[in-house]
Amino acid sequence: MVKEMSQKLTAQMVRNNVVDAAKAPIYAYGIELLLSTLAGILALVTVSLFLRAPFLWIPYLAGFIPIRLLGGGYHAKTHMSCITAFSFLYTASLVAEKAHIISSSFLLFSCASNIIIMFLFAPVVPPNKPLTAKRRMANRCFCLLLGVLNLGLGILCSFTHWRNHWLMMYFAGSGMAGFSMLLAGVNKSRKR
């Protein structure tokens with residue numbers, strides 16, 4: 001559905017001479033990613049509103065996006081399955097946080113696990129989006145640095161007993177990004 005919409009929008013742009021026909025596939029792909037991202041965010045906002053936590057999707061994405069961009073991660077076969085899985089994991093994280101299931105010790109375990117996952121797998125590069133050796137090394141270093149900073153923040157929060165919904169959802173998002181990296185890394189290792 002997302003792919004068809006992006007192709008229709010691109011065809012309309014070509015007909016209106018907004019886009020060069022030779023570059024239409026590039027624009028279609030960009031629009032496809034934009035629509036998929038907007039649908040994913042809309043799904044998180046909807047879940048947040050339904051569970052009466054209207055803005056907790058913001059710290060979740062703040063924790064998820066940087067690690068996912070730098071470290072890579074699992075790619076679903078379709079946009080719909082990606083949005084569904086992403087929404088399910090967010091819903092599980094939000095329900096766990098609202099029920100106060102996420103403890104300080106779990107937070108530290110999650111941060112430490114993320115560093116191990118990053119060390120073993122980051123960045124997980126999909127075959128259709130190769131990175132130069134220099135970019136791979138930079139992504140790896142920044143990903144590990146972010147993991148160490150998250151662990152430091154987690155330790156600080158644990159020892160000071162500082163806990164709030166925004167902070168916990170930030171760590172839930174970064175933990176899910178690490179989980180995505182783990183799935184992709186294990187899947188890639190199995191294919192070798």
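Helices, which are DSSP runs of H or I with at least four residues, are numbered from the N terminus, and the axis of a helix is a line fitted to C-alpha atoms over the stretch in contact, with angles running from 0 to 180 degrees between N-to-C directions. The model is predicted, and local features need pLDDT of at least 70, while side-chain atom pairs count only at pLDDT 80 or more and totals for chains, interfaces and linings use all residues. Residues are numbered from 1 along each chain as its sequence is written, and side-chain values use heavy atoms, with hydrogens and water left out.

Two packed helices are described by the angle between their axes and the distance between the axes. Here the axes of helix H3 (residues 57–71) and helix H4 (residues 79–98) cross at roughly 115° and come within 12 Å. In this contact (heavy atoms within 4.5 Å), Trp57, Tyr60, Leu61 and Phe64 of H3 meet Phe86, Leu89, Tyr90 and Ser93 of H4. Of the residues in the contact of H3 with H4, seven are nonpolar, one is polar and none is charged, where Ala, Val, Leu, Ile, Met, Phe, Trp, Tyr, Cys and Pro count as nonpolar, Asp, Glu, Lys and Arg as charged, and the others, Gly among them, as polar.

Which rings are linked into a cluster by ring pairs? They are those of Tyr60, Phe64, Phe86 and Tyr90, and rings of Phe, Tyr and Trp (its six-membered ring) pair if their centres lie within 6.5 Å, with planes under 30 degrees apart counted as stacked, over 60 as edge-to-face and the rest as tilted. A search of the whole structure finds six aromatic pairs. One of them, between Tyr60 and Phe86, is tilted, with 6.2 Å from centre to centre and 55° between the planes, and this pair links Tyr60 in helix H3 to Phe86 in helix H4, 26 residues apart. The rings of Tyr60 and Tyr90 have their centres 4.9 Å apart and their planes at 75°, so this pair is edge-to-face.

Tyr60 counts as buried because its relative accessibility is 0%, and Tyr90 is buried with a relative accessible area of 0%. Val95, which is also found in helix H4, counts as partly exposed because its relative accessibility is 42%. The C-alpha atoms of Val95 and Leu51 are separated by 8.1 Å, although these residues lie 44 residues apart along the chain.

Note on methods:
Helices (H or I, at least four residues) and strands (E, at least two) are DSSP runs, numbered from the N terminus. Buried means under 20% relative accessible area, exposed over 50%, partly exposed in between (1.4 Å probe, protein chains only).
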